[in-house]
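Please look through the sequence and the model shown here.

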Amino acid sequence: MFLRLLSDVRWWTASSRWRNMASSRSSATSAAEPRLISLPAQAQVVVCGGGIMGTSVAYHLAKLGWKDVVLLEQGRLAAGTTRFCAGIVSTARHVSIELKMADYSNKLYQELEQETGIKTGVQIHDRTSVSHILVQKGHVTGVETDRGQIQCEYFVNCAGQWAYELGLSSEEPVSIPLHACEHFYLLTHPLKKPLESNTPTIVDLDGRIYIRSWQGGILSGGFEKNPKPIFTEGRNQLEIQNLHEDWDHFEPLLSALLRRMPGLETLEIMQLVNCPESFTPDMRCIMGESPTVQGYFVLAGMNSAGISYGGGAGKYLAEWMVNGYPSENVWPLDLKRFGALQSSRTFLRHRVMEVMPLICDLKVPRWDFQTGRQLRTSPLYDRLDAQGARWMEKHGFERPKYFVPPGKDLLALDQSKTFYKPDWFDIVGSEVKCCKEAVCVIDMSSFTKFEISSTGGQALEVLQYLFSNDLDVPVGHIVHTGMLNEKGGYENDCSIVRLNKRSFFMISPTDQQVHCWTWLKKHMPSDSNLLLEDVTWKYTALNLIGPRAVDVLSELSYVPMTPEHFPSLFCKEMSVGYANGIRVMSMTHTGEPGFMLYIPIEYALHVYNEVMSVGQKYGIRNAGYYALRSLRIEKFFAFWGQDLDAFTTPMECGREFRVKLEKGTDFIGRDALMQQKQNGVYKRFTMFILEDHDTDLDLWPWWGEPIYRNGCCVGKTTSSAYSYTLERHVCLGFVQNFDEKTGEGLGVTPDFINRGEYEIDIAGQRFQAKAKLYPFSSLFTQRRRKDEMELSSYQGK
C-alpha cells in the first residue's frame, strides 16, 4: 500500500512560534538573565509539561479567558518528546474524535504562522520540577516544586514520558496508563538539489515507514513489528536525550526505506535518532479529569501523534476545564475508560509491544488485543473455555464471543480476519436460532454493578435527581433509565432494581465502571447515611434467553415463572438448585423472553452446572456476545458507548417514554429536555434495513458507514449486525438535517425520516436501505407466518 499524504506537513517550527507567543512572560528571558523568575504563590491553574501538549492547553485556556495560568517545565521548553518527534501532521485517523483533533491542529498551525504579538497572561517557568500534588478532601489545592509551593484550583498533567510517575506522586494517586518505547528515524545531510519544503510526506504502511523532507535532506523512519519498551522501572532524567543507536534493530525498516526510495542509499547519513515515545493500552491518547481527584486533569500518551493532535487535544481539554465539558464527544479518549487494573507496569510493557506495530497494521473489524489478557475473568471461565468459547476483552474482562462446536477448524476461526462475511457466521446464526426457539446461556458477569442504600429515604431522593426515569416504584420493579448531564445527554444508560424501600441495585455497561462511579460520587452528597458500593466482583451474571428459559428455571426453583407469576421487568430473590439468594430478573437486554440471574460468586459454578443439566431436555446451549449483538440490534436497542453518548438525549433516540418530565420531579438535564421537547430535535436515531446487499459477496457494514438521504450525507451508522431473523443486515445510526445553502442544522421529524430515500455507503459502494423508527416486531411475526404457510403448502404437496 502506497499512501501519499497531500496535506501540507510542517516541522515543529510552527508549534515553536506558537510556544513563543504563548510565553510572552515566559522564562525565555532566562537566556539573557541567569536568575530564575520567582514562582507565584498562587494560580488558578498549574500546567506541568512544556511540550506541545502543555503549551497547547495553556494557550487555549488563555484564549477562553483564564488569566491566571502557570506552566512549569522541569528542563527546557520542548525538551521532551516534542523535541525529538518526527513532526508529521496527518489527519488520517481511525477514530472520529482523533480526526477532528488532527484537522483542527493542522489548521491552527497554519494560522499561527501568521499570528504575532498575542498577549496571553500565561506565565512559563522552566527548570522547575513538580514533585508533589497537594490534595485536600479529594480536590487539588496546590503543587510542591523544587522551588516552593504554588496554591492552585486546577492541575494539568502534560508530563509526557513522566506522566505515569507524576500521577503516582499525588497524595491521592492518579493512574495514568502509558509506557515508552524506543522510536527510530534517520536524518540525512542536505541533497545536492534540496527538496522543496512543500514536498508531500510519504507513508508506506506495508513497509511500516514514513519519508519526509527535512532541512534540505530526508527524515525517514517507521514502526517496527518488534518494538523495544524502555523505562519500565521509571526514569529520573529531566530531559529526553537521544538514546543509543541500534542499527541491527533498525535494519528491517532501513530495507523497506531502500526498497521504497533506492536513492537513499547514496545519501550521506547524519544521524540515526532513537527517542522514546509514549503509548497507551488501546492506542488512543489520554485526556480528562481524574476519577479520584477533582481538579486534576491529564493530557498525555499521544502514541507518536502528538504533533497531529496537539492543537485539538489542548482545545478540548481547555473547554472541559472552563465549561465543565468539551464541545465534542471525547469518551474514546477519556482517562476514565481505564481502571487501575491497566496500570500494572508489566501489563503496560507487554501491551505497548503490541500497540506500536498496530500503527501500520490493517485493523479488521472486531479484532482483539492479544497481550494483557485473562486479567479479569468470570468464575466460569475455565468451564466455558473447555466448551469452545472464543474470547473478547472489555475493560480487562474476558467475555465469550461465540462457542465453536466440536469438529470445527479452530485455528481457521481464530485467524479469521476479513471485512466480508466472517467464518463465524453460521456459528453465531445457530446461537441466535437457539435463543429464539429454545434456550441459551450467556455469561454477562462483566457488567458494572453498584448498590446504593441509605438508613432513611436519602437513596431514593438522590437517585430521583440523578436519573431521568421515575425510581419511586414498588419493591422488586426494574426501571430502565439514563443518567443525564445538564445538556440532557447520556452519561450512563442503565437498569435499576428497587431491592427494598432504602436500597437499589444498578446495572451498567462494562466500561462504565470508573466513569459511572465518579459521576455518582461527584453528585451525591457526602452523607454518612448514604452508601455507594461497587459489587461488580460479588456477582456472576447469567443471561438465560429463549422461550424455554421459563421451563428451566421453574424446574430448578419449584416456583412458577410464567408472566402471570413473574411479570416483565421484575426481580425476585430466590433459590436456584441448592443455592439461595439468587437475584432473578425478567429481562435479557435483547428483547427476547428470558431471565438475568445475578449469582453470588461462590454459587456460580453450581448454578451454571444445574442450569446446563436441567436445560439439556430443552435444547440448551452456550452463546456469546456476537449473538447478543445481533439480537439487540434487530430489536432496535441502543447501547451506551456505541449508539448513545454524552451528546445524545432521550428525545433523539426515541426514549422520551423513559423520562419523568410530567412527574414534576427535578432531575439533572430536565430543563434541556423540556426545551428540546418544545423546539424539536436536530438528529434522530433510526434503523436501516439493507435492501440490495449480498451477504455472501459484498463487503459488510460494521459501523461508521455514511448514511445518505436523497443523495445527501446526513449521518453515519453507530452499530451494525446481520439479522438472522430478517436475513438482512441492520444498521443503526443518527439522521440529521442540514440547510443546503447555509449548512445550518434543521429539525428532524418522523415525517422527515419517512419521506426520504436512503442509502448506506460501504467502502464507496452505496446500498439501498429502508428507514424505520420502530423495531420490526410485526415484521418478524409476518415472516414467521409466511414461513409456516410455505411449509404447510410444501407438506400438502
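## Cysteines

The structure holds 0 disulfides, a disulfide being a pair of cysteine sulfur atoms within 2.5 Å. The sulfur of Cys712 lies 8.9 Å from the closest cysteine sulfur, that of Cys713, which is too far for a bond. Cys712 is partly exposed at a relative accessible area of 40%, whereas Cys152 is buried at 6% (buried is under 20% relative accessible area, exposed over 50%, partly exposed in between, with a 1.4 Å probe and protein chains only).

This is a predicted model, in which local features need pLDDT of at least 70 and side-chain atom pairs count only at pLDDT 80 or more, while totals for chains, interfaces and linings use all residues. Residues are numbered from 1 along each chain as its sequence is written, and side-chain values use heavy atoms, with hydrogens and water left out.

S5 is joined to the antiparallel strand S6 (residues 139-145) by 6 bridges, and Val130 has Thr145 in S6 as its bridge partner.

## Tyr154

Tyr154, in strand S8 (residues 154-157), counts as partly exposed at 21% relative accessibility. Although Tyr154 and Val45 are 109 residues apart in sequence, their C-alpha atoms are 4.7 Å apart in space. Beyond its neighbours within four places in sequence, Tyr154 is in contact (heavy atoms within 4.5 Å) with residues including Val45, Trp66, Val140 and Phe297.

Key
Two strands pair if DSSP finds at least two bridges between them. Helices (H or I, at least four residues) and strands (E, at least two) are DSSP runs, numbered from the N terminus.
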